[in-house]
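Please open the model in your viewer, with the sequence panel beside it, and follow the stops below in order.

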Amino acid sequence: MRNYDLEFLKRFSMVIALLVAITLGLIVFAAYLHTSIPAEVSPMAAKRTEQRIAPAGAVYAGSTGAAAQAAAKAAALAKAASQVAYGGTTDGKVIFDNLCTACHTNGVGNAPTLDHSHWDARIAQGKDTLYKHALEGYTGPDGGIMPPKGGNPALTEEQIHVTVDWMLANLR
């Protein structure tokens, strides 16, 4: 072998030895980091996991189940009662314009439009009947459908009454 071949092998061996030393150093450093830094769990990832594995429903059985079901229903009613529609306004026009106009101006679902031809027979039944149908909902013999509280369960009884009164006062 010639002298320059030996020189090349010597330098090449030193480069290889340096690369092996760097590789081993990186392996040791990675092992140290893996053991010293705790695994970080994102709060959003944990929340998504909890939502994903949460039960889809509840089983109510026997007297304890009936009590739990009644408590859940009472909690839902209390939550709905705390959320009053349209800021609690008692202006029938505001409620009509925001909720009732979709059906009662176009007759959607056989809803009576604001004219006497549609309302006179209903008025003859009395305001209490009109209030009851607005609060509890109504399915008429002609296929007309009135959802309870006009489809907005957050309306109060007082808001329903003032809206029905406004509608009656504005018949054409």
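Two conventions apply throughout. This is a predicted model, in which local features need pLDDT of at least 70 and side-chain atom pairs count only at pLDDT 80 or more, while totals for chains, interfaces and linings use all residues. Residues are numbered from 1 along each chain as its sequence is written, and side-chain values use heavy atoms, with hydrogens and water left out.

**Stop 1: helix α1**

Select residues 3-36, which make up helix α1; helices here are DSSP runs of H or I with at least four residues, strands are runs of E with at least two, and both are numbered from the N terminus. Show the side chains of Arg11 and Glu7, which meet in a salt bridge at 3.3 Å, N to O, the term meaning a side-chain nitrogen of Lys or Arg within 4 Å of a carboxyl oxygen of Asp or Glu. The two residues are four apart in this helix, which means that about one helical turn separates Arg11 from Glu7. Arg11 is exposed at 53% relative accessibility, whereas Glu7 is partly exposed at 33%; buried means under 20% relative accessible area, exposed over 50%, and partly exposed in between, with a 1.4 Å probe and protein chains only.

How many aromatic pairs does the count give? The count comes to two, where rings of Phe, Tyr and Trp (its six-membered ring) pair if their centres lie within 6.5 Å, and planes under 30 degrees apart count as stacked, over 60 as edge-to-face and the rest as tilted. The ring centres of Phe8 and Phe12 are 5.9 Å apart and their planes are at 20°, so this pair is stacked. Phe8 is exposed, with a relative accessible area of 56%, and Phe12 is partly exposed at 43%.

**Stop 2: from α4 to α7**

Now select Phe96 and Trp166, an aromatic pair that is tilted, with 5.0 Å centre to centre and 35° between the planes. Phe96 lies in helix α4 and Trp166 in helix α7, so the pair ties together parts that are 70 residues apart in sequence. Phe96 is buried, at 3% relative accessibility.

In α4 (residues 92-104), select Lys93 and Asp97, which are four residues apart and so about one helical turn from each other. Their side chains meet in a salt bridge at 2.9 Å, N to O. Both ends are partly exposed, Lys93 with a relative accessible area of 39% and Asp97 with 37%.

**Stop 3: from α7 to α6**

Next, show Asp165 and Lys127, whose side chains form a salt bridge at 3.3 Å, N to O. This pair links distant parts of the chain, with Asp165 in helix α7 (residues 157-169) and Lys127 in helix α6 (residues 127-136), 38 residues apart. Asp165 is partly exposed at 27%, and so is Lys127 at 43%. A search of the whole structure finds three salt bridges.

**Stop 4: the nonpolar core**

Select Leu114, Trp119, Ile160, Val164 and Leu168, which touch the most other members among the 16 residues of the largest nonpolar core; such a core is a set of buried Ala, Val, Leu, Ile, Met, Phe, Trp, Tyr and Cys residues joined through side-chain atoms within 4.5 Å. Helices α4, α6 and α7 are the elements that give two or more residues to this core. Centre the view on Ile160, which, apart from neighbours within four places in sequence, is in contact (heavy atoms within 4.5 Å) with Tyr131, Ala134, Leu135, Lys149 and Leu155.

**Stop 5: the cysteines**

A search of the whole structure finds zero disulfides, a disulfide being a pair of cysteine sulfur atoms within 2.5 Å. For Cys100, the nearest cysteine sulfur is that of Cys103, 8.5 Å away. Cys100 is buried at 14% relative accessibility, while Cys103 is partly exposed at 32%.

**Stop 6: Asp115**

Finish with Asp115, in the loop between α4 and α5 (116-124). Is this residue buried or exposed? Asp115 is buried, at 17% relative accessibility. Its side chain makes a polar contact with the side chain of Thr113 at 2.5 Å and another with that of His118 at 3.0 Å; a polar contact is a pair of N or O atoms within 3.5 Å, where within protein one must be able to donate a hydrogen and the other to accept it, and residues adjacent in sequence count only if both atoms are side-chain atoms. Beyond neighbours within four places in sequence, Asp115 is in contact with Leu171 and Arg172.
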